[in-house]
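Subject: Structure for you to look at

Hello,

Here is the structure I said I would pass on. Please have it open while you read the notes below.

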Amino acid sequence: MTADEIPDPRSLDLRLDLNGERRQEGNTRQMIRDVPALIEYASSFYTLYPGDIFLSGTPAGVGPLKPGDDIVATIEKVGTMRVRVRASTKT
């Protein structure tokens, strides 16, 4: 996303559902480090490209996860991502 699409990333609603049940709901203003600080930190280590995804951790309420679980994460003005949990193929 660009600054013209999201002028204030410090105030975006966040939601996460696990198997259709709301497990988390919050706002970026509740984060320990705000979005601009996360971008600054990450860009000090590597080049950021359009479409890059930041994983910043999560509060309690989701785990443990098991194969077959369906996770739906939504960030206001950004979009929704759905992930189906699969078993590890490593032995």
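Strand E1 covers residues 13-18 and strand E2 covers residues 21-27; the two pair in the antiparallel sense over six bridges. The model is a predicted one, so please read everything here as computed from that prediction. The hairpin of E1 and E2 has two residues between the strands, and in this hairpin Asn19 takes a positive phi near 55 degrees.

E1 also pairs with strand E3 (residues 70-75), again in the antiparallel sense, here over five bridges. You can follow this at Leu16. Its bridge partner in E2 is Gln24, and its bridge partner in E3 is Ala73.

Next, the salt bridges. The count comes to six. Which residue forms a salt bridge with Asp17? It is Arg22, and the closest N and O atoms of this pair are 2.5 Å apart. Arg22 also forms a salt bridge with Glu25, where the closest N and O atoms are 3.6 Å apart. The cut-off for a salt bridge is 4 Å between a side-chain nitrogen of Lys or Arg and a carboxyl oxygen of Asp or Glu, so a pair within that distance counts.

Asp17 counts as buried because its relative accessibility is 18%, and the limit for buried is under 20%. Arg22 has 39% and therefore counts as partly exposed. Glu25 has a relative accessible area of 60%, so Glu25 is exposed. Through salt bridges that share partners, Asp17, Arg22 and Glu25 are joined into one network.

Another of the salt bridges is formed by Asp69 and Lys66, with the closest N and O atoms 2.9 Å apart. Is Asp69 buried or exposed? Asp69 counts as buried, because its relative accessibility is 3%.

The last item is on the surface. A nonpolar patch of about 560 Å² is made there by Ile39, Tyr41, Phe45, Tyr46 and Phe54. One of these residues, Tyr41, lies in helix H1, which runs over residues 35-43. Tyr41 counts as exposed because its relative accessibility is 54%, and exposed means over 50%.

If you want to go through it in order, start with the pairing of E1 and E2, then look at the network of Asp17, Arg22 and Glu25, and finish with the nonpolar surface patch that includes Tyr41.

Regards

Technical notes: Residues are numbered from 1 along each chain as its sequence is written. This is a predicted model: local features need pLDDT of at least 70, side-chain atom pairs count only at pLDDT 80 or more; totals for chains, interfaces and linings use all residues. Side-chain values use heavy atoms; hydrogens and water are left out. Patches are made of residues with over 30% relative accessible area and no salt bridge: like charges are joined within 9 Å, nonpolar side chains (Val, Leu, Ile, Met, Phe, Trp, Tyr) within 5 Å. Accessible areas come from the Shrake-Rupley method with a 1.4 Å probe; for residues, only the protein chains shown count as cover. Helices (H or I, at least four residues) and strands (E, at least two) are DSSP runs, numbered from the N terminus. Buried means under 20% relative accessible area, exposed over 50%, partly exposed in between (1.4 Å probe, protein chains only). Two strands pair if DSSP finds at least two bridges between them.
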